[in-house]
Amino acid sequence: MKRLAAVGLLALVGSALTLVIAARRRQPEPSWEPGLEFNPDFDLTPEEILADIRGESPTV
């Protein structure tokens with residue numbers, strides 16, 4: 001019985017450790033731009049940000 005409890009405790013600790021390691025490896029979502037699935041170079045200028053806040057349409 002003690003052996004079963006020890007194995008169960010070891011499995012619980014191992015799964016908790018695996019969960020912690022997996023959680024630490026998560027990274028933030030990549031930038032998103034409408035029309036493109038992923039664009040790592042997408043970066044708004046301060047003027048574009050202010051225009052978006054004012055509700056103006058972006059320049060093409």
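Is E56 buried, partly exposed or exposed? With a relative accessible area of 44%, E56 is partly exposed; buried means under 20% relative accessible area, exposed over 50%, and partly exposed in between (1.4 Å probe, protein chains only).

## Basis of the model

The model is predicted: local features need pLDDT of at least 70, side-chain atom pairs count only at pLDDT 80 or more, and totals for chains, interfaces and linings use all residues. Residues are numbered from 1 along each chain as its sequence is written, and side-chain values use heavy atoms, with hydrogens and water left out.

## Salt bridge

The whole structure holds one salt bridge, defined as a side-chain nitrogen of Lys or Arg within 4 Å of a carboxyl oxygen of Asp or Glu. It joins the side chains of R54 and E56, at 3.1 Å from N to O. R54 is exposed, its relative accessible area being 52%.

## Helices

The protein chain contains two helices and zero strands (DSSP runs numbered from the N terminus: helices are H or I with at least four residues, strands E with at least two). Helix α1 covers residues 2-24, and its 23 residues reach 33 Å from first C-alpha to last, close to the expected 33 Å; the expected span is 1.5 Å times one less than the number of residues. Because zero of the 23 residues of α1 are buried, the helix lies largely in the open.

## Surface

Buried residues amount to 3% of the 60 in the protein chain. Its accessible surface is about 6,200 Å², with 63% belonging to carbon and sulfur atoms (Shrake-Rupley method, 1.4 Å probe; for residues, only the protein chains shown count as cover).

L50 is located in helix α2, residues 46-54, and is partly exposed at 47% relative accessibility.
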